Amino acid sequence: MSTPGVLTFTQQAWEQVLAKVKRAVVYLDAACAESLHWGCGSSRLLEAVGNSACYLREFEPAAVGGGAEQPKAVFVLSCLLKGRTVETLRDIICRSHFQYCVVVTAVNHAVHLTANHVPPAAAAELEGQQPVFEQLEEKLCEWMGNMNYTAEVLHVPLLLACAAPHLALTPAFASLFPLLPQDVHILNRARSDKRRLGNLAEVDATTLTPELLLTIRCLVSGLSSLCEHLGVREECFAVGSLSRIIAADLANFAPAKNRRKTATGRASVVFVDRTLDLTGAVGHHGDNLVEKILSVLPQLPGHTNDVMVNMVELTALQAEEENQNMVAPGCLAQSNDPAAKALWEALLNTKHKEAVMEVRRHLVEAASRENLPIKMSMGRVTPGQLMSYIHLFKNNLKALGNHCGLLQLGLATVQTLKHPQTAKWDNFLAFERLLLQSIGESTMSVVLNQLLPMIKPSNQRTNDDYSPEELLVLLIYIYSVSGEFSVDKDLGEGEEKVKKALAQVFCEESELSPLLQKITGCDSSINLTFRKSRSAVDELFTSLRDIAGARNLMKQFKSVYVPGNHTHQASYKPLLKQVVEEIFNPERPDPVDIEHMSSGLTDLLKTGFSMFMKVSRPHPSDHPLLILFVVGGVTVSEAKMIKDLVPSLKPGTQVIVLSTRLLKPTNIPELLFTTDRLHPDLGF
């Protein structure tokens, strides 16, 4: 039996689903498909269905129903069974000939009771019963047209997409993003008869929108199931306002109380708000090949953490643009190919140069095993050299099949190295280093003036110039790394110049990108007036000011900027690094900004007594397992840094990095400027 971890948690959950799918039409939503993709792969699902005419379908209102020869359906869903989700279930079933329906939800029954406004006391009395699921089972039979048909509704915790043994994502919560000060004003507008909230520190579960509170509860339901699988009783800690609410909800999650009594292991779960440090999310200092692959290759449709790899080079088709969509794309997730999986994990954990050499080594070894006529060459690895090794497999179907996963990763590497955006990565890095020096020596207005000449309309831009989306990335970097700054006349004038130039550039775009369409509210540049554009830019700068002040409520983690001196240049120190170093500080001071969330009266008494008696407060370094959850996304470089840093500070400590998604720099403008943080879409 494998040691319990994020991968065994995901695989065991999918085994429960696979046990139900024999000879069924299977409908999956995007988040569950992504969990399957990384956890055990669609091939495992196809094998379990075991029908030559196997049908996998996306769960959506327009999904094709089941024909007369398809009596069984399994629906695998990441969300609550309520509202639009139930309506879609009804519509698909009513236009089908199903006689046996299984509905799997990743959200446990206790959260369904909360969503249906059942008070906690009444919910406690229903322990062991599942009335919401039972009522839906009756409805399923009704929709199938015969109450004697078979219907089954069950909870399986399909929370994670496992990128590596130390790193897992939560696709269903990819849009969950910490709140900003502007969100406090929105919350206050809905509290006309109540006390006004002064700042984010005063926001708690009682003040949130019902949609956000339910989203948090759904996430907590999955995390509680993970802790149960790991066999641990967790202590919950938080850095940041939304993290504090999530940590408190997990600490006090009613279904977790009983499992904690019997848990033999212990773990610290530390939640951290992404908004406290967006510098690391948009910066280009991560010397990692996978980060570059994620940044430059197109996103795999329906996924948030994988990309499309063009496989045309391995076919007889010409590598013309019109042939790109004729061959199914490759991807990074290789859950059923041990050799490719080993290479993927090596790429996650090595620097760019070593990673490229590792790709070459794997290709050479695979070609040698297949007795392909390989010509060895040492020295610097080039895209052309890698491509020559990949082409050896082209006309050998057996070798192609044996090493398909490896070839996908090899092609991803080649396509990234040759991509024009990869050359631009170094330009970003150089400008970010220049900014770090300027921030220490100049005012914010001077820093903004350095950016001004780089804001160019599309008809004046070359490939080396920055697009509007890239300028937003640089602005986020500037405001996040600077932190709190004094607002004066010069800053007002500096911002005004940048706003005007940016609004003009938006208007002069020949075609608005999807991000600019969302930001401006216009689907075409023809409809975008300067007034509309300027209004949108003003809103962007409100968010940028919020980002600059994101650490204002911190006492210890107030800065990610390290000023230069006569021996060292100014640098950026990641907030996550500061948090981990503080957790494992050998002097074990009481954490200032890492708040412990009590899970009941006993913890509260401990905390109270510790003020005047020698009672040790819970500390995040107390336990052999640290689970660090970054709310709002994490980069590959950050996950690697945490994985390497923890054992160096406290040998023997295991660490798991969880987050809502894998980040690339261009994700942040979308999450920051276009996401409705207070009203996530729950499907009803």
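Good morning. The model is a predicted one, in which local features need pLDDT of at least 70 and side-chain atom pairs count only at pLDDT 80 or more, while totals for chains, interfaces and linings use all residues. Residues are numbered from 1 along each chain as its sequence is written, and side-chain values use heavy atoms, with hydrogens and water left out.

I begin with the helix pair. Two packed helices are described by the angle between their axes and the distance between the axes. Helix H1 covers residues 6-18 and helix H9 covers residues 210-230; their axes are 10 Å apart, at an angle of about 105°. Helices (H or I, at least four residues) and strands (E, at least two) are DSSP runs, numbered from the N terminus. Axes are lines fitted to C-alpha atoms, for helices over the stretch in contact, and angles run from 0 to 180 degrees between N-to-C directions. H1 and H9 are therefore roughly perpendicular to each other, a term that applies from 65 to 115 degrees.

Which residues of H1 and H9 meet? On the H1 side they are Val6, Thr8, Phe9 and Gln12, and on the H9 side Gly222, Ser225, Leu226 and His229. By class, this contact of H1 with H9 holds three nonpolar, five polar and no charged residues. Here Ala, Val, Leu, Ile, Met, Phe, Trp, Tyr, Cys and Pro count as nonpolar, Asp, Glu, Lys and Arg as charged, and the others, Gly among them, as polar. Contact means heavy atoms within 4.5 Å.

A pocket is an open set of points on a 1 Å grid over the protein atoms alone, where a 1.4 Å probe fits, with protein on both sides within 12 Å along at least five of seven lines; lining residues have an atom within 4 Å of a point. Of the 49 lining residues, Asn108, His109, Ala110, Phe253 and Pro255 are the closest to the centre. H9 gives the most to the lining, with ten residues. Among the other elements that give two or more are H1, helix H5 (109-115) and strand E5 (150-155). The lining divides into 25 nonpolar, 17 polar and seven charged residues.

I turn now to single residues. Phenylalanine 393 is found in the loop between helix H16 (383-391) and helix H17 (397-402). Is phenylalanine 393 buried or exposed? With a relative accessible area of 0%, phenylalanine 393 is buried; the word means under 20%, exposed means over 50%, and partly exposed lies in between (1.4 Å probe, protein chains only). Beyond neighbours within four places in sequence, phenylalanine 393 has contacts that include Leu363, Leu372 and His403.

Threonine 413, in helix H18 (residues 404-418), also counts as buried, at 0% relative accessibility. Not counting residues up to four places away in sequence, threonine 413 touches Leu289, Ile293, Val359 and Leu386.

Finally, the backbone. Most residues other than glycine have a negative phi. Histidine 117 has a positive phi of about 60°; this residue is in the loop between H5 and H6 and is exposed, with a relative accessible area of 70%. Arginine 588 has a positive phi of about 45° and counts as partly exposed, at 40% relative accessibility.

Thank you.

Technical notes: Parallel < 35°, antiparallel > 145°, perpendicular 65-115°, else oblique.
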